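Have the sequence and the 3D view open as you read.

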Amino acid sequence: MKRIIAFMKNQPPSRLITLGFAAVILLGACLLSMPFSVKEGAEVKFIDALFTSTSAVCVTGLIAIDTADHFTPIGQGIVAALIQIGGLGVTSVGVGVIIAAGKRVSIKSRLLVKEALNIDNYTGIVKLVKSVLLLTLCFESIGVVLSFLVFSQDYAPLHALGISVFHSIAAFNNSGFDILGGLRNLIPYQTNILLNLTTAFLIIFGGLGFLVILEILKYRKFKKLSLHSKVVITTSAVLIVAGTILLKMTEDITWMGAFFQSVSARTAGFSTYQIGSFTNAGLFVLCILMFIGASPGSTGGGIKTSTFFILIQAAKSVCAQGPVHAFHRNISAQNISKACMITILSGGVVCAATFLMCLLEPECTFLQLLFEVVSAFGTVGLSTGITPGLSVAGKLVIILVMFTGRLGAVTLLSMWAVRKEPNVRYSEETVAIG
């Protein structure tokens, strides 16, 4: 045990975070395979338990087996707990436990939280974790109350309360799991305005990021917000509006349905319509929204809204031959380089995984496989319906893509990066581009 502790202390933050997520996923898979988690008469193979656990911890929502039909209330509770841990982050939950126990938070723990929440300094880490946990509790409590008003009309009070708690946790953590059964997701409630708006409300705020929410509560005026918050809010609003209009143009759905799917596609994964019946144009729109995803420091995945915004601003500056700026602030070259690197690596992961899936699942169409991979990478959970029929090898590929999407390709690569001081400096020379 001492050797393990010593080994863990010497590991870089990115490696510890990755190992932490992997450990929770394996523990969750083992618990979901136990008899007390599986309904009588249902069969849960370990690969399906592993797939469910990965999807829950990575707050995705892709399912190989229906959660309500295969798992007992205990199993469903385990899935909800895995979603909560995955959404908040293993490190944030760990620090929260340390704070609750009245223990001192070490420098190593603060470093892990800093890395996990993607913040710049250590100042106020403990206070930030407390605020994150309190915010989560408040938003999810509101979600439970509003969802209960809907579900109590169709289920017994205790059952409705259980569904409401599960749904609120899944929605705020941008995970498209449901426990309504029959692989229906929220299709039975596609015309229910209250549930649609409540779910969209939880998804949007869960996807904005905790730091942005705290700034909104503190300043309450857009012009007083930081550049990061302005970028996140503006980009999120534009994507929601654009996605709604495009989906309404391409699909025979209501404006409410188009709005809901536009919001949900940005890493939540709930659906009020059969996604498999969407046109190629509609699926392509959803792919774009899923790839962009939510915002840094949030419960969602994707390349992030800020990355997309910086790429657009960089493209505009190249055309105008001027500096990259937004909201009367210049954007650093480091931010631009990081945005480009994240997008290239993310695109590479999607391309490689799609190629493998084409080899492993030849009976599926290219668009179906691309959609599945992008959904897994963006930790979304939307599917055209092919997930349960995937082979074991196909499920393993999707598991790895979900894991990569939750942690980020950059984080996984930085696990093995060794920083070396350069011994020489080379002369600069231009390369013809374009």
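Helix α10 gives the most to the lining of the largest cavity, with four residues. That cavity has a volume of about 80 Å³, and the elements that give two or more residues to its lining are α10 and α12. A cavity here is a set of points, on a 1 Å grid over the protein atoms alone, where a 1.4 Å probe fits but cannot get out, and lining residues have an atom within 4 Å of a point. Grid points are joined across faces, edges and corners, and the volume is the space filled by probe spheres set on the points.

Please keep in mind that this is a predicted model, in which local features need pLDDT of at least 70, side-chain atom pairs count only at pLDDT 80 or more, and totals for chains, interfaces and linings use all residues. Residues are numbered from 1 along each chain as its sequence is written, and side-chain values use heavy atoms, with hydrogens and water left out.

**The chain as a whole**

- The protein chain has 19 helices and two strands; helices (H or I, at least four residues) and strands (E, at least two) are DSSP runs, numbered from the N terminus.
- Of its 434 residues, 51% count as buried, where buried means under 20% relative accessible area, exposed over 50%, and partly exposed in between (1.4 Å probe, protein chains only).
- Among contacts with a separation of 6 or more, 69% come from residues 24 or more positions apart; a contact means heavy atoms within 4.5 Å.
- The accessible surface comes to about 21,000 Å², and 66% of it belongs to carbon and sulfur atoms. Areas come from the Shrake-Rupley method with a 1.4 Å probe, and for residues, only the protein chains shown count as cover.

**The two cavities**

- The structure holds two cavities of 30 Å³ or more.
- The largest cavity is lined by N174, I203, I204, G207, L208, S236, I240, V263, R266, T267 and A294.
- By class, that lining has six nonpolar, four polar and one charged residues. Ala, Val, Leu, Ile, Met, Phe, Trp, Tyr, Cys and Pro count as nonpolar, Asp, Glu, Lys and Arg as charged, and the others, Gly among them, as polar.
- The second largest cavity holds about 30 Å³ of space, and F151, I163, F166, H167, F177, D178, I179 and L180 line it.
- Helix α9 supplies the largest share of this second lining, three residues, and the classes are six nonpolar, one polar and one charged.

- N174 sits in the loop between α9 (157-172) and α10 (193-208), and T267 in the loop between α13 (255-264) and α14 (280-292).
- Their side chains are joined by a polar contact of 2.8 Å. A polar contact is a pair of N or O atoms within 3.5 Å; within protein, one must be able to donate a hydrogen and the other to accept it, and residues adjacent in sequence count only if both atoms are side-chain atoms.
- N174 counts as buried because its relative accessibility is 1%, and T267 is buried too, with a relative accessible area of 0%.
- N174 has a positive phi of about 55 degrees although it is not a glycine.
- Leaving out residues up to four places away in sequence, T267 touches V59, N174, G293, A294, G300, G301, G378, T379 and V380.

**Helix α11 and its end**

- The buried residues of α11 are F210, V212, I213 and E215, and they pack against α5 (73-88), α8 (125-151), α9, α10 and α12.
- Y219, in helix α11, counts as partly exposed because its relative accessibility is 32%.
- Beyond residues up to four places away in sequence, Y219 touches K224 and L225.
- Just after α11, R220 takes a positive phi of about 65 degrees; R220 lies in the loop between α11 (210-219) and α12 (227-250).
- Is R220 buried or exposed? At 73% relative accessibility, R220 counts as exposed.

**K395, a buried lysine**

- K395 lies in helix α18 (residues 392-407) and, at 7% relative accessibility, counts as buried.
- The K395 side chain makes a polar contact of 2.7 Å with the side chain of D48.
- Apart from neighbours within four places in sequence, K395 is in contact with I47, D48, F51, A64, T387, P388 and L390.

Note on methods:
On a 1 Å grid over the protein atoms alone, a cavity is a set of points where a 1.4 Å probe fits but cannot get out, and a pocket is an open set with protein on both sides within 12 Å along at least five of seven lines; lining residues have an atom within 4 Å of a point.
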